Structures are given as C-alpha cells and as structure tokens.
Amino acid sequence: MSHYDVIVVGAGIAGSLVAKELSRQGRRVLVLEAGERATDPARGHREALDRYATASAKVPGSAHRPHPAVGWPEVTDLTGTDGVPGFRAAGHMPQDGPLPYASGYVRANGGTGNVWTGLAPRMLPEDFDTEAFGYGRRWPLTYDDLEPHYRAAEGELGVAADADEQRAHVGLGLPDGYTFPMRALPASHLDRLLAESLDGRRVKDAVTLDEVELRVVGTPQARNSVPDPDYDGGRGYVPRGAQGRPDPASRCVGNATCIPHCPSYAKYTPLKTQGQWGSSVRLVDRAVVSRVLVDGNGRATGVEYLSYQGEATRVHADVVVLAAHAIENARLLLLSRLANRSGQVGRNLMDHPVLLTWGLMPDAVGPYRGPGSTSGLEGFRAGPQRRARAPFRIEVGNWGWVWATGAVDGDVAQLLHEKGLFGAELRNAVGDRVRRQFALQFEMEQGADPANRVTLHPGARDRLGLPTPLVTYDLSDHVKEGMAAAKRVSDQIFALLGAEDHTDYEPAAVWPGRFEHQGHLYGYRGAGHAAGTHIMGDSPDASVVDSWQRCWDHPGLYAVGCGSMPSVATSNPTLTMAALALRSARRIEADLAERDRPVALTSEDPA
C-alpha cells in the first residue's frame with residue numbers, strides 16, 4: 001500500500017496510542033519507527049534483560065542495542081570539567097549552551113517509553129497558566145478541558161493510585177466516584193518511616209519565608225498492582241502483561257530495574273499498546289523519516305524515509321502525525337523547513353532539572369526494592385511562591401544513592417581504599433551503609449524560554465547524512481532560586497529525620513550539570529522529560545501547533561508529544577502527553593469522518 005489514512009512517525013507512547021485509537025475505527029495507519037523491533041517479542045524481552053544485566057554502565061539505553069545508522073544521546077555522552085560551569089558533550093547530540101541539557105532518549109521500537117520510570121501524576125490546574133506567575137507560557141486549554149482525556153489515558157496506561165488521596169493531598173479535581181484502574185501500590189518501608197517522622201511537620205521556604213506542611217503522598221504509577229473492581233462503573237480493570245495480553249496475575253514484584261527494564265511486564269510500555277492494534281495498522285521499523293512532504297498549498301501529503309542502507313522511500317497519507325520525541329520532532333520539522341512561521345520550531349526546550357540530596361538514615365530503610373519512587377512530598381508544587389522561585393516536586397527515592405553516586409560498588413571502593421577495610425569488616429561496613437541509604441529528588445519546573453533550543457548542527461552528520469541535533473541550554477535565575485530553596489528544604493527534612501547528609505557535587509567529572517548561585521555550588525541531573533520544542537498556543541504567530549497539536553501552517557500535519565507542551569510543571573509529563581495524544585487522535589478521526597461523509601445530492605446537482 002502506498003497511500004494510507006494516517007502516517008505516524010515514531011512508535012513510542014504517543015505514536016502507539018494514536019495508532020491504536022485510529023485502528024479502533026478501522027483507519028489504515030502506517031507507523032514508521034527509526035529503531036529496530038524484535039521479531040519475537042518474548043525473545044526480545046529476554047535479550048534486553050540480558051543486555052542490561054551485562055552492561056558495564058546501567059544507563060537508560062543499556063537494555064537496547066544501538067545501530068550505527070540510528071544514534072541517540074545517552075547520559076554518558078556528558079562529562080563535567082574543572083571549573084564551574086564546565087562540561088563536554090559528545091555523541092548524537094552536541095551542545096553549545098552555558099549548561100548541559102542532561103537528558104537522553106532511546107530510538108528503538110517503543111522509544112523512551114521502554115525505559116521510563118512509570119510514574120504517572122497529573123499536572124495541577126494552575127500549571128496550565130504560568131504567565132499568571134510572571135514566567136513561561138499559557139496553554140490554549142485548561143485542566144478541565146484535558147481532564148476527561150486524563151481519565152482515558154489512565155485507563156490506557158493502567159494507572160494505580162488512590163483517588164481520595166490525590167484529591168485531598170494533591171488538590172486534583174477528579175469526578176465524584178472516580179477510581180483509578182488499579183489500587184495504589186503499597187508504600188515502601190522508607191515511605192512509611194518518612195511519613196512517621198514528617199507528616200504534619202512544617203518547614204520554611206527560605207525564599208518566600210512561608211511555612212509548608214509536609215505529608216508523604218503516594219505517587220500514581222503506570223504499573224500493575226491490584227485491579228480496582230469499582231473502576232469504570234463497576235466493570236473493573238484487567239491488567240495487561242506481555243505483548244499487551246490480558247494477564248490478571250501480572251503485577252509489580254519489586255525487581256528494582258524499572259529503568260530501563262521490567263522483567264515482570266508490570267510497567268506500562270508502548271509494546272502493550274502495540275499488542276492491541278487492529279489489523280489496519282502496519283509497523284515498519286528501521287525507517288528513518290528524513291522529510292515531510294507537502295503539496296503546493298502546504299497540505300501534508302506524506303513522508304520520505306531512509307532505510308539503514310540509505311535507500312529512500314516515499315509514502316503518502318491524508319494525515320501525517322509526528323510522534324518521534326520532542327527533539328527528533330523538532331529536528332524533522334527543521335529538516336523539512338516546515339511549520340516555522342512563528343520562528344518557534346525547536347525553541348522553548350524544557351526538562352525537569354533534578355536536584356539530588358542523599359544521606360544515611362539512623363536505621364535500615366530497605367533500599368533497592370520496588371519502583372524507583374512510590375511516594376513524594378507535594379506541598380511545594382503550587383501557590384504564589386512560584387512567582388519568586390521555580391516550584392518543585394519531591395520524589396522519595398527507593399534506590400539508595402544509585403542516581404547520585406553510581407552503583408553500590410562505589411561504596412565498596414570508598415570503604416576499601418579510603419578506610420582500608422577488608423574481609424568481614426568491609427562486608428559489615430558496606431551492609432550498614434547500603435541499608436541506610438536514601439535520597440530525595442527535587443524535580444524543578446523549567447519555564448518555556450526561546451533561548452533554550454534545538455537546531456540543526458551546521459557540520460555534524462549522522463551515518464545517513466542527516467544533520468544531527470544541536471542543543472543550546474541554560475537554567476534561568478528562577479530555576480536556580482528554586483534549587484536553592486529545595487536544598488534548604490532538604491536540610492530541614494534531614495534534620496527532622498536525624499539523617500546524616502552526604503550530598504556532595506564532586507567530583508566535577510560526574511557532575512556536568514554544576515553551577516554556582518549566590519556563592520553556593522549546586523549540581524543537577526536530567527529527568528529525561530524533554531518538552532516544548534513545537535509549542536502549542538492560540539496564535540500561529542507565536543506557536544507551532546494549536547490546542548489539537550495541528551501545525552498551524554500545514555493542514556493534515558500534527559506534531560504530538562511533550563514537544564507541544566507550553567509548560568512542563570512539576571509532574572512527570574508522560575500522562576499529560578498520553579492525554580494530549582488521545583485528544584488529538586479523536587480530532588483526527590473526526591476530520592477523517594468528515595472527509596468520508598457522503599455528499600447529499602439535490603435535484604439541481606448534475607448527475
């Protein structure tokens with residue numbers, strides 16, 4: 001087939017959901033994926049686990065095998081240098097900004113949706129208009145506009161959470177009687193210990209001098225727990241396991257490898273959605289889209305894609321949907337020289353710069369079990385304080401110090417070389433240290449700033465001859481003030497817990513994201529939450545897409561995903577991306593239905 005109803009570029013979460021929604025209506029959908037897919041999904045799952053287990057660096061992409069024709073940026077491409085700030089960037093995504101964009105992504109079937117954490121909180125109502133607080137961009141839709149699509153996305157991803165808890169302690173507007181598909185995951189031992197010490201206590205926001213009450217709150221998760229029989233009006237929910245098949249027995253068993261691989265199939269990945277595609281969907285992998293095709297009126301008519309050997313193929317459709325990640329979507333639009341009347345393509349790149357703090361609790365907390373985080377502190381996400389500093393959400397980390405300092409063998413090396421411990425004494429010291437490790441992860445909101453951007457590199461080319469993305473990135477004083485406030489909050493929390501603080505942003509080589517602010521040194525990691533590169537808005541003069549994620553300048557062309565988001569707020573953006581994708585899919589179907597509507601003939605119409 002050379003002509004389809006819809007071509008979807010990218011088989012990640014957004015692209016897979018769009019394809020599924022349209023396949024329900026019998027639409028002919030071609031999905032083009034730059035990465036490779038496993039011909040035998042079960043074998044591919046086992047091989048991915050083996051690659052992760054044997055990888056020397058346990059990074060997000062370590063479970064997947066990159067092909068020379070399709071590069072992707074990995075966190076190991078960044079290294080810090082002496083001096084503050086200072087970093088080097090290598091690999092698929094060179095950088096030339098003052099500070100590093102510290103996140104990567106994966107180009108494989110399922111995309112970065114294979115390696116995400118699985119956390120699925122909603123945005124807050126006030127997150128949709130940060131202009132009211134003096135920064136960022138306003139959405140062309142509201143929380144209420146998106147709320148029914150949030151519910152649909154929670155059903156598609158199989159979200160586990162407690163609706164009453166989310167209403168009372170997060171402030172979400174949920175319809176009366178609504179339950180999540182699955183019951184909340186149990187709190188970890190660390191969650192319970194922190195709740196005993198912190199719930200009801202107050203700490204001071206050092207920037208605004210306001211006091212904030214602490215409460216440990218469960219985080220919605222897109223992973224299988226116990227289905228809630230009250231979901232969907234009492235029809236219940238059947239969790240899905242391998243290849244998207246219904247599997248009531250599939251649930252999280254605490255493997256602690258959520259990033260990048262869940263051996264028990266409990267975590268949602270796009271492969272579960274692909275297993276539910278109708279027969280009208282065709283997936284072609286190893287297809288690197290190099291250009292979007294348009295006719296003389298600017299209407300999208302199809303795409304050109306390259307094989308790994310560089311052979312070009314053209315395919316056509318009535319609708320083209322770009323769903324290839326915020327950075328790759330921007331790169332493709334720039335390669336195609338499309339949708340940039342506003343000059344905003346590639347601009348407003350956002351992430352969640354994550355400030356990490358870590359220490360030792362007085363007693364054992366049981367780290368390295370279960371998902372990376374099951375609970376958080378939500379009191380710093382909203383309110384007038386965000387005028388003075390970036391808001392943040394605090395994740396309680398279940399995986400010890402691994403994100404901050406690396407694998408446990410680093411603790412062994414330190415105790416061996418610095419303290420000279422051997423044998424039983426070394427084993428006891430390692431055991432004592434590891435079982436008391438905990439970390440707090442402060443996810444900072446970053447406002448839309450057109451200076452943070454993706455462009456095409458003027459000289460670097462990939463193996464297929466396409467310009468690589470070039471990133472320019474920095475943190476505003478608003479974000480830096482948020483990090484300063486977060487560190488002071490952390491100091492107070494550690495004091496309440498009686499914890500021993502080991503936070504130290506040295507050595508420089510492992511902290512490329514380091515900067516000085518008001519005489520203090522801070523370091524951050526990237527959350528992998530790229531957003532904002534084809535931003536949505538009310539006007540074609542100031543945005544790339546409208547509220548349906550339709551490119552203003554090109555009928556039939558959609559750019560879906562986090563790249564459309566005008567703000568990234570403080571919540572992990574995957575659920576919002578999924579809700580937006582489902583909303584756009586329904587708009588696409590409505591347009592196709594209108595195309596197919598029979599024309600009513602009158603007696604005056606020619607035969």
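The stops below say what to select and what is there, in a model that is predicted.

Begin by selecting residues 13-23, which form helix H1. This helix is mostly covered, with 11 of its 11 residues buried, and the buried residues include Ile13, Leu17, Val18 and Leu22 as well as Lys20 and Glu21.

On the H3 side the contact is made by residues including Leu146, His149, Tyr150 and Glu154, while H13 brings, among others, Leu575, Leu582, Arg583 and Arg586. The residues of this contact of H3 with H13 divide into 10 nonpolar, three polar and four charged.

Next, look for the second largest pocket, in which about 1000 Å³ of space lies. To find its centre, select Arg37, Ala38, Gly44, Asn109 and Leu271, the closest to the centre of the 41 residues that line this pocket. Helix H2 (41-54) and helix H7 (270-274) each supply at least two residues of the lining, and H2 gives the most, with seven residues. The lining as a whole divides into 15 nonpolar, 14 polar and 12 charged residues.

Go on to the loop between helix H6 (231-234) and H7, where arginine 245 is found. The C-alpha atoms of arginine 245 and glutamine 276 are separated by 8.0 Å, although the two are 31 residues apart along the chain. Proline 260 lies in the loop between H6 and H7 too, and a cis peptide bond with omega of about 10° joins isoleucine 259 to this proline.

For another cis peptide bond, select glutamate 506 and proline 507, where omega is near 0°; proline 507 has its place in the loop between strand S18 (500-501) and strand S19 (514-517).

Asparagine 348, with phi of about 65°, lies in the loop between helix H8 (326-336) and strand S12 (353-360). Glutamine 518, with phi of about 50°, is found in the loop between S19 and strand S20 (520-526). Which of them is buried and which exposed? Asparagine 348 counts as buried, at 1% relative accessibility, whereas glutamine 518, at 58%, counts as exposed.

Technical notes
Residues are numbered from 1 along each chain as its sequence is written. This is a predicted model: local features need pLDDT of at least 70, side-chain atom pairs count only at pLDDT 80 or more; totals for chains, interfaces and linings use all residues. Side-chain values use heavy atoms; hydrogens and water are left out. Contact means heavy atoms within 4.5 Å. Helices (H or I, at least four residues) and strands (E, at least two) are DSSP runs, numbered from the N terminus. Ala, Val, Leu, Ile, Met, Phe, Trp, Tyr, Cys and Pro count as nonpolar, Asp, Glu, Lys and Arg as charged, and the others, Gly among them, as polar. On a 1 Å grid over the protein atoms alone, a cavity is a set of points where a 1.4 Å probe fits but cannot get out, and a pocket is an open set with protein on both sides within 12 Å along at least five of seven lines; lining residues have an atom within 4 Å of a point. Grid points are joined across faces, edges and corners, and a volume is the space filled by probe spheres set on the points. Buried means under 20% relative accessible area, exposed over 50%, partly exposed in between (1.4 Å probe, protein chains only).
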